[in-house]
Amino acid sequence: MAPLALTPPDLTRRSFLRSAGVTLALPFLEALAPRFARASSPASPPRRMVCIMTNTGLIPDNFFPKATGFEYETTRYLAHLEEHRKNLTVIGGVSHPDNSGGHMVEKSFLTGARFPSSPSFKNSISLDQIAAEHIGHLTRFPFLALGVNEKHDGLLSVTRDGVFIPPEFSPSKLYNRLFTADTEEESESRLREIRNQTSLLDFVNDKAKRLEKLLGQSDRDRLDQYFTSVRELEQRLQHAEKWQRREKPQTSTPAPRDISDITQDKDRAALMYDMARLALESDSTRLITIYLNPLEVTLKLPGVHDRTHSLTHHGNEPEKLEQLAKIEEAGIQNLSSFLSGLSSVKEGDQTLLDQTMVLFGSNMASGNSHSNTNLPILLAGGGFKHGQHLQFDLKQNAPLCNVFVSMLQRMGIETDKFASSTGTLTGLDLL
Amino acid sequence: MSRNVPIAIVGTLFLSFQSPAADIGPFLEEHCVECHDSSTKKGGLNLEALQFDSLDRKQFETWVRIHDRIANGEMPPKKQERPPEADRAKILRVLDEKLHSTDTDVISKLGRARVRRLTAQEIENSLRDLLCLPNLHVKEALPEDERRHGYHKIGEALDLSNVHLAKIIDVVDSALGAAIATRIQPPPVYHKRFYPASGTETWLPIGRADAVLLKDKQFDPLCPLPDPEKRIQDNNAIDFAYQQERMKMVDGLGLRQYEGALGFFSGPVDKDFRRSLQFAPIHGGFYRIKTSAWSFWWDRGEVRNPIRPESFMLSVWLPEPGSRFDHSASRRIGMFDVPSLDSSVHEFTSWLDPDEELLFEIGTPTGYAPKTGRFPSSEPGSATTYSGPGIALDWFEVEGPLFSQWPPASHKALFGELPFKPFDSASGLRPPHRQIVKQIAVNARPRGAEISKEDTSPPLVTVSTEHPLEDASQLLSTFLPKAFRRAVDTNEIAQYVAITKQHLEAKSTFEEAMRETYKAALCSSDFLFVGEPPMSAQVESPNRLSDRALAERLSLWLWNTIPDDELRALASKGVLHETSILRAQVERMLADPRSDRFIQDFLDQWLDLRKLDASSPDRRTYPEYRAPLRESMPAETRAFFRELIDKNLSVTNLVASDFVMVNQGLAELYQIPGVTGSAIRRVGLPPGSPRGGFITQASVLKVTANGTTTSPVTRGVWMNERILGNPIPPPPPGVPAVEPDTRGTSTIREQLDKHRSDSACAACHAKIDPPGFALESFDVIGGFRDRYRSLGKGEANEVVFAAGWKPGYKLAKPVDAAGELPSGEPFKDITEFRDLLVRHPDSLAASFTRHLLMYATGSEPHYSDRREIAQIVERSRNTEYGLRSLIHEIAQSALFKNK
């Protein structure tokens with residue numbers, strides 16, 4: 001990594017080729033290739049955060065242990081995470097205050113905004129986007145919003161204006177964005193596109209000023225959003241331009257093929273998890289959200305033959321409950337593999353999992369009642385003292401945002417407040 | 001607060017009321033303060049902390065609630081002493097006066113509606129119309145708009161973020177790309193007849209005996225029926241060897257040359273039956289599609305006369321590799337009837353995007369195995385042992401792309417009559433970007449060998465001009481006024497020409513330079529924002545919309561797009577607002593097919609039709625829910641709304657009508673005899689039918705259920721908000737949710753009764769539940785029921801579907817659809833419930849007007865709207881509150897004509 005830090009930012013592969021002549025042997029350039037995508041190597045490995053939500057709920061009895069503390073007896077679902085027991089905390093008795101309305105609450109899972117089902121709901125910034133404002137500029141991708149299947153009611157990553165950020169659904173496209181080097185022609189065309197867009201934004205910005213003069217104060221805030229959008233987009237383009245001129249990291253993992261058969265939901269999610277791990281490993285980003293939506297799929301799993309959504313409305317019919325349990329179990333197995341993957345990557349004397357907080361949960365507890373309290377939540381890795389089942393008041397839940405504040409602080413972001421938080425999560429201590 | 005509370009506190013209360021307070025203070029003290037003081041704060045209301053002179057928004061809304069609860073007789077509560085009528089009338093008058101004047105003060109300064117950006121749907125429609133691309137799809141690529149009160153037209157909810165702007169730039173660029181012609185001649189017309197068995201995609205169903213070869217209207221033994229003892233496909237008892245053997249046999253039949261018909265059965269009940277016809281155009285355009293098909297009754301190998309008319313659908317999906325059995329069609333093209341053994345030939349023209357693959361879908365449910373829910377290939381012997389309906393496809397033909405002019409209208413919209421010239425590679429210009437034309441659908445036709453080189457890589461040509469800047473100026477002076485809905489002066493045009501110039505200097509072709517210029521225009525606030533005030537503020541009515549803004553509002557309302565030339569011409573003459581002209585324009589617009597966009601978009605929001613696929617009914621409990629029925633549901637509701645407007649029928653038809661707009665599938669669901677064919681038409685209701693009005697339509701009943709169960713609360717809240725005009729506040733925190741139980745042991749009402757026995761819940765639920773109870777007679781797909789369906793406990797049912805088969809669900813507890821309105825009037829079922837509602841047509845009309853105003857003006861409802869709404873309603877009384885009259889009255893109202 002050291003050589004790259006010495007490379008001036010404008011010394012791109014292309015200009016290098018030009019100045020050195022095209023006869024320059026590639027192997028020499030390989031030596032220049034950064035293992036990390038970031039510009040310079042920090043003294044210690046950076047902290048990362050991955051937030052995952054599945055929107056089916058998790059059958060509470062299959063998820064939550066009966067006992068609290070460190071000595072809990074495992075459950076049907078947690079059994080699949082047994083090897084990571086010391087690296088994770090099961091959190092019960094938390095939810096977002098003033099969040100009810102079944103699926104609608106999906107909108108605020110990572111924002112904590114109140115009354116997501118009210119007719120005049122306005123969302124607020126999500127956990128990952130707050131973090132991106134602080135550390136996003138350090139990596140090629142300030143954050144990655146990923147998803148498996150289109151949105152049901154909401155998504156995870158939300159801008160400061162309360163707008164959902166559409167996720168990347170294709171593992172192969174993501175892989176290309178992460179690792180596939182542009183040809184010289186592609187790079188030039190991309191840079192030209194960035195220049196064109198920048199001048200377009202300059203132009204429309206000036207034009208909007210004409211409109212602004214005609215508007216009263218109350219209407220200006222709508223147009224202000226336009227100015228803000230233009231400015232933010234310009235910043236994004238500058239960021240993209242900077243990174244367009246830098247080499248992409250390399251990986252030994254071959255490019256994946258997207259699985260288009262939606263019934264293979266488990267494999268589709270697993271593939272997305274793999275890409276998330278690669279993105280973290282190459283330090284292409286430090287912030288990832290993964291939105292899982294198996295609701296409108298009939299999963300190709302032994303013993304499952306109904307659509308997940310209708311199974312969540314199981315009406316306590318045992319046969320449907322069993323099908324749903326199999327689906328939810330598959331989701332937990334995927335999570336377990338992801339955690340294993342992260343802990344197999346070494347960073348100095350630590351593992352990637354030690355540096356990566358992984359939040360996993362659902363916006364509903366029981367799909368049958370579509371209740372939004374006592375949410376099933378797991379927090380793994382990232383340098384906390386794990387290993388226990390933390391349970392808060394099951395009647396008067398602790399705010400889920402307290403977990404978020406703990407996570408932000410662990411990221412090194414100085415804050416003591418996020419949405420409905422009342423503090424950090426009691427009992428969740430730093431290592 | 002009790003009577004003996006120190007007078008000082010009451011004094012404080014009075015002090016906070018200014019002059020009108022003297023009029024309301026005694027009433028509040030007498031009837032309200034006891035429960036709503038600072039210590040009791042019942043329902044969270046503390047009158048002592050409430051201002052009355054200068055109200056902030058929150059306090060204003062609190063007073064509105066106080067007014068409404070007193071007006072509705074909900075407060076003081078029934079068990080308390082009734083206030084004298086004169087006192088009640090007086091406080092309502094004082095409150096109303098205060099609230100109305102406070103609200104109109106604010107509106108006179110700011111206007112009622114905010115300036116807002118176009119919705120995603122409006123952007124799509126506007127681009128379609130501006131660029132003459134009737135089938136452009138960009139809405140899905142834009143972030144979904146947020147909503148308020150269910151509407152995404154509301155300015156306050158229409159945020160704009162960098163995410164939006166980035167996507168808008170993308171979709172504008174791709175729309176311009178689709179509009180620009182890249183060849184001198186139109187692409188060659190592909191014209192071919194296909195036989196269904198010749199496509200490899202049908203070989204799997206043939207092997208599984210989900211489809212059979214038919215020749216001369218008889219079974220063709222070329223592909224023998226399966227062994228009656230063996231199961232070809234099932235999750236458990238599958239006979240792999242036999243399956244392999246069958247597939248190998250099919251491979252060897254030489255079906256590529258087979259010109260007989262293919263008879264289809266429905267496949268498993270948990271999946272819709274659709275098959276690719278393996279045609280996907282490589283060029284977008286209009287295609288003439290012709291099919292020859294017929295229906296039959298299959299009787300274990302014999303073809304017999306069908307017992308009822310059948311229909312099928314053609315649809316498309318975008319190709320993706322891998323198993324496609326679970327993919328949904330992306331778009332339905334049409335439904336076609338095949339009433340008998342005689343082949344019916346259907347010919348029609350439809351737009352197809354490049355790569356959209358043609359699909360064949362079975363139109364009616366044609367089979368069901370009670371135990372497994374799978375049919376027929378998972379049953380032993382399948383087609384050998386099956387008796388039931390089937391649909392045979394003889395052949396289909398495609399011809400296209402068909403262009404009525406070349407270059408197409410979309411190209412002319414951007415480049416007028418400028419000629420094409422070969423691109424000169426010696427010019428030093430960057431060659432214009434060209435999409436690669438090729439077949440990307442696996443196994444679809446036209447195949448590589450059928451596509452000429454000339455077709456896939458035509459000579460590189462581009463629009464050419466000797467006077468680029470003059471031509472740019474000319475083209476922009478036509479385009480910009482349309483896009484910006486206003487006059488554009490030469491100065492402004494010059495600013496855009498400067499963009500063209502800049503790109504030309506950077507070695508772009510004229511085509512690319514203009515594309516960048518148009519892109520800037522369509523990403524500018526001048527295109528994206530609507531609702532600006534008049535350029536010169538009128539002193540006497542500063543909030544009156546200019547004719548230009550009025551044209552915009554009218555067009556976005558009734559066409560969901562930016563104004564056309566006629567509206568702009570009337571606006572620039574300054575006559576659009578005149579009563580007779582505005583009336584004539586509303587008539588013209590409603591008669592124009594573009595008003596379908598309004599009907600679809602408004603119903604998607606008002607009646608939540610957009611949520612039709614938010615849940616999928618449990619297939620074993622509701623096996624009759626199939627793609628064609630699903631397609632018919634919103635079609636009914638749209639046709640019904642259209643009928644109400646066209647015939648100016650009374651608003652009472654919202655809840656009760658003596659007719660429905662149905663096709664065969666819906667009529668079967670509604671148990672209305674004598675309706676055959678897939679076309680939606682007006683049908684009079686038989687006596688005693690529980691149907692009529694929006695509220696008993698399958699679409700509405702579906703969107704208010706979750707796919708498996710119905711909840712009187714969900715439907716009740718929906719009815720109150722959407723139809724009756726009573727917005728319901730969200731449930732207080734900490735109320736446990738009802739845990740539905742479909743094992744057949746208890747009903748949702750029994751579970752709810754426990755929930756409602758809490759007096760804290762009872763007040764709201766007295767309003768919420770009654771409509772929901774009445775609608776309990778309808779299941780999650782809109783079928784009438786007197787007993788709940790169950791897969792667990794219950795009695796075997798005697799039902800036989802019209803297609804001749806028995807469903808496998810059981811009948812559980814009986815439905816109780818009786819209830820009592822908040823007024824105390826009882827009803828025993830849906831019919832009596834509706835009879836109570838139609839007694840108050842004016843309040844139905846007021847509620848409907850309130851909804852339509854939100855959509856039409858893009859403003860949240862305001863308190864001060866009420867008086868004007870009452871006038872709108874009053875003025876339409878002579879037509880019994882006809883829907884068309886209401887639309888006219890809204891268009892002429894101050895609420896519509898003012899900002």
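**Entry 1. Conventions.** I noted that residues are numbered from 1 along each chain as its sequence is written, and that chains are lettered from A and ligands numbered from 1 in the order in which they are written. The model is predicted, so local features need pLDDT of at least 70 and side-chain atom pairs count only at pLDDT 80 or more, while totals for chains, interfaces and linings use all residues.

**Entry 2. Chain A overall.** I counted 13 helices and 11 strands in chain A; helices (H or I, at least four residues) and strands (E, at least two) are DSSP runs, numbered from the N terminus. I compared its radius of gyration, 23 Å, with the value near 22 Å that a compact globule of 431 residues would have, and the two agree. That radius is taken over C-alpha atoms, and the globule rule is 2.2 Å times the number of residues to the power 0.38. Along the principal axes, the C-alpha atoms of chain A fill a box of roughly 70 × 60 × 40 Å.

I then looked at burial: 49% of the 431 residues in chain A are buried. A residue is buried if 20 or more other C-beta atoms lie within 10 Å of its own, exposed if 12 or fewer, and partly exposed in between, with C-beta atoms placed from the backbone. For contacts (C-beta atoms, placed from the backbone, within 7 Å), I took those in chain A between residues at least 6 apart in sequence, and 69% of them join residues at least 24 apart.

**Entry 3. The sheet of chain A.** I traced an open sheet of 7 strands with mixed pairing, in the order β4-β5-β1-β8-β9-β2-β10 of chain A. Two strands pair if DSSP finds at least two bridges between them. β4 (144-148) and β10 (389-391) of chain A each have a single partner strand, so one side of each is left without a neighbour in the sheet. The twist averages 15 degrees from one strand to the next; axes are lines fitted to C-alpha atoms, for helices over the stretch in contact, and angles run from 0 to 180 degrees between N-to-C directions.

Strand β8 (356-362) of chain A runs antiparallel to β9 (377-380) of chain A, joined by 4 bridges, and L359(A) has L379(A) as its bridge partner. Helix α11 (318-344) of chain A lies across β1, β5, β8 and β9 of chain A, at about 175 degrees to β8(A).

**Entry 4. Strand β2(A).** Which neighbours does β2(A) have on its two sides? It pairs with β9(A) in the antiparallel sense over 4 bridges and with β10(A) in the parallel sense over 3 bridges. L88(A) stands opposite A380(A) in β9(A), and I91(A) has L390(A) as its bridge partner in β10(A). I found 5 of the 5 residues of β2(A) buried: L88(A), V90(A) and G92(A) on one side, T89(A) and I91(A) on the other.

**Entry 5. Sheets in chain B.** I read an open, antiparallel sheet of 4 strands in the order β6-β12-β9-β10 of chain B. β6 (274-276) and β10 (331-338) of chain B are its edge strands. The twist averages 25 degrees from one strand to the next. Between β9 (310-317) and β12 (357-362) of chain B there are 6 bridges, and F360(B) is the bridge partner of L314(B). Helix α19 (627-646) of chain B packs on this sheet, touching β9, β10 and β12 of chain B, and its direction makes about 85 degrees with that of β9(B).

I also checked β5 (261-264) of chain B: A261(B) and G263(B) point one way and L262(B) and F264(B) the other, and all are buried. β5(B) runs antiparallel to β3(B) over 4 bridges and antiparallel to β13(B) over 3 bridges.

**Entry 6. Cores.** A nonpolar core is a set of buried Ala, Val, Leu, Ile, Met, Phe, Trp, Tyr and Cys residues joined through C-beta atoms within 7 Å. The largest has 150 residues, and A175(B) and L886(B) have the most contacts inside it. Beyond its neighbours within four places in sequence, A175(B) touches residues including L127(B), L131(B) and V138(B). Another core, of 99 residues, lies apart and includes L278(A) and F418(A).

**Entry 7. Contact between the chains.** I found 56 residues from chain B and 56 residues from chain A in the contact. On the side of chain B, α6(B) gives the largest share, 6 residues.

Terms used. Contact = placed C-beta atoms within 7 Å.
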